[in-house]
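Please find below a short briefing on the structure shown here.

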Amino acid sequence: MAASDVSIRRVIVNPPGQDVQREAVFVHNGGADDVDLTGWRLSDTQSHPGPVFTFNFPPFTLLAGSDVAVHTGSGTDGDHDLFWGRKEAVWNNRGDRIMLLDASGAEVADRQWDGRPQEGRVIDTSEIEAAVDVMRTAA
């Protein structure tokens, strides 16, 4: 398992329209090996009424070089899509922090934003990750 190669690549925080059906977090496996995400968790950390929102990964293997979208709303799980089944949005438009935790509870990755993103904004790190990969290859 190469958990260090797993990252939060993209977050759709404030999609146009009803947030719950379009909110999603894209988890990426940038490594050469498949990673078993069974028992991993996505959690938010911002203050809000009630408990911390946590998505528990079902039995799922993220293939090398692939992404899986974790959608806030309902749908049918597949090879590249998992659905939380919530009826309300999770990620705070005014700022939040997402943590990706492995099955032991260790933090693997996080993504944070402050302030309200404009409607339709996507927090995307794929260009940054591509530049880092190029630098690693050149070294």
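Strand E4 (residues 41–44) pairs with E5 in the antiparallel sense, over three bridges; two strands count as paired if DSSP finds at least two bridges between them. Ser43 has Thr54 in E5 as its bridge partner. This is a predicted model, in which local features need pLDDT of at least 70, side-chain atom pairs count only at pLDDT 80 or more, and totals for chains, interfaces and linings use all residues. Residues are numbered from 1 along each chain as its sequence is written, and side-chain values use heavy atoms, with hydrogens and water left out.

**The open sheet**
- Four strands, in the order E5-E4-E9-E10, form an open sheet with antiparallel pairing.
- Strand E5 (54–56) and strand E10 (107–114) each have a single partner strand and stand at the edges, so one side of each is left without a neighbour in the sheet.
- On average, neighbouring strands of this sheet are turned by 10° against each other, direction ignored (axes are lines fitted to C-alpha atoms, and angles run from 0 to 180 degrees between N-to-C directions).

**Composition of the chain**
- The chain contains two helices and eleven strands (DSSP runs numbered from the N terminus: helices are H or I with at least four residues, strands E with at least two).
- From the N terminus on, the order of elements is β-α-β-β-β-β-β-β-β-β-β-β-α.

**Burial, contacts and surface**
- Of the 139 residues in the chain, 42% are buried (under 20% relative accessible area, with a 1.4 Å probe and protein chains only).
- Among contacts with a separation of 6 or more, 56% join residues 24 or more positions apart (a contact means heavy atoms within 4.5 Å).
- The accessible surface of the chain comes to about 7500 Å², and 48% of this surface belongs to carbon and sulfur atoms (Shrake-Rupley method, 1.4 Å probe).

Methods
Buried means under 20% relative accessible area, exposed over 50%, partly exposed in between (1.4 Å probe, protein chains only).
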